[in-house]
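Dear colleague,

Here is the structure we talked about handing over. My notes on it follow below.

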Amino acid sequence: MYYIINIALLMSYGIIIKNIFPRLGNRIFLFISTIHISLFHALRNPYAYPDNEIYASSFIDISNLDLHSLITETYMGWETGYVFYNFILSKFTENPEWLFISSSLFMVIGYMHLVNKYSFIPFVSILIYLLYPLMFCQSLFVLRQHIATVIMLYAVYSVTSLKKFIIISFV
């Protein structure tokens, strides 16, 4: 139900903003949508998703590792970048909920930045993002994959520069 209310609110924002500000409507809508979706995504209950207990306990385990152990050992077969992200974040906070909040912000703001750069009709792009369940509704359920999705979207859009593409793809 919360998803439907948020989609209805964003559709209302889009229609109202486009009518009030016909020239700047897309930019204003994108700004308001980014704030709205970021807050909704980052502040929802992360423990409603089955995998997030594993992410939270792993965050606590990774926070107890030293840098040498982090570099020399593989952690659960997870991606090195993701483990390093957990390690860096754990130096600022011991609360695993910040892992979900910061990941949410990265996913949503990263996607919205791409919409801003490449979408001719941001309203439609944002609605697709919200309606397609694998990109928004389950993005905390498959945390590592959705972080990787945003990074790979940046890589795809930088394919004209081979050096930049390779660096972003490596990340």
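The buried residues of helix 6 pack against helix 2 (25–43), helix 3 (52–63), helix 5, helix 7 and helix 8. Contact here means heavy atoms within 4.5 Å, and buried means under 20% relative accessible area, with exposed over 50% and partly exposed in between (1.4 Å probe, protein chains only). Helices are DSSP runs (H or I, at least four residues), numbered from the N terminus. Among the buried residues of helix 6 are Phe100, Met107, Gly110, Tyr111 and Val115. The 22 residues of helix 6 should span 32 Å at 1.5 Å a residue, and its end C-alpha atoms are 32 Å apart, which agrees; the expected span is 1.5 Å times one less than the number of residues.

The model is predicted: local features need pLDDT of at least 70, side-chain atom pairs count only at pLDDT 80 or more, and totals for chains, interfaces and linings use all residues. Residues are numbered from 1 along each chain as its sequence is written, and side-chain values use heavy atoms, with hydrogens and water left out.

On helix packing: helix 1 (residues 2–20) and helix 7 (residues 122–131) pack at an angle of about 180°, with their axes 11 Å apart. Axes are lines fitted to C-alpha atoms, for helices over the stretch in contact, and angles run from 0 to 180 degrees between N-to-C directions. Helix 1 and helix 7 are therefore roughly antiparallel (an angle over 145 degrees). Ile7, Leu10, Met11 and Gly14 in helix 1 meet Phe123, Leu127, Leu130 and Leu131 in helix 7. By class, this contact has seven nonpolar, one polar and no charged residues.

On aromatic rings: the whole structure holds six aromatic pairs, counted where ring centres of Phe, Tyr or Trp (its six-membered ring) lie within 6.5 Å; planes under 30 degrees apart are stacked, over 60 edge-to-face and the rest tilted. The rings of tyrosine 82 and tyrosine 85 have centres 6.1 Å apart and planes at 55°, so this pair is tilted. Both residues lie in helix 5 (residues 80–90), three residues apart, about one turn of the helix. Tyrosine 82 is buried at 6% relative accessible area, while tyrosine 85 is partly exposed at 26%.

The rings of tyrosine 118 and tyrosine 157 have centres 4.2 Å apart and planes at 10°, so that pair is stacked. Tyrosine 118 lies in helix 6 (residues 97–118) and tyrosine 157 in helix 8 (residues 143–157), so the pair ties together parts 39 residues apart in sequence.

Regards

How values were computed:
Helix = DSSP H or I, 4+ residues; strand = E, 2+ residues; numbered from the N terminus. Parallel < 35°, antiparallel > 145°, perpendicular 65-115°, else oblique. Nonpolar A, V, L, I, M, F, W, Y, C, P; charged D, E, K, R; others polar.
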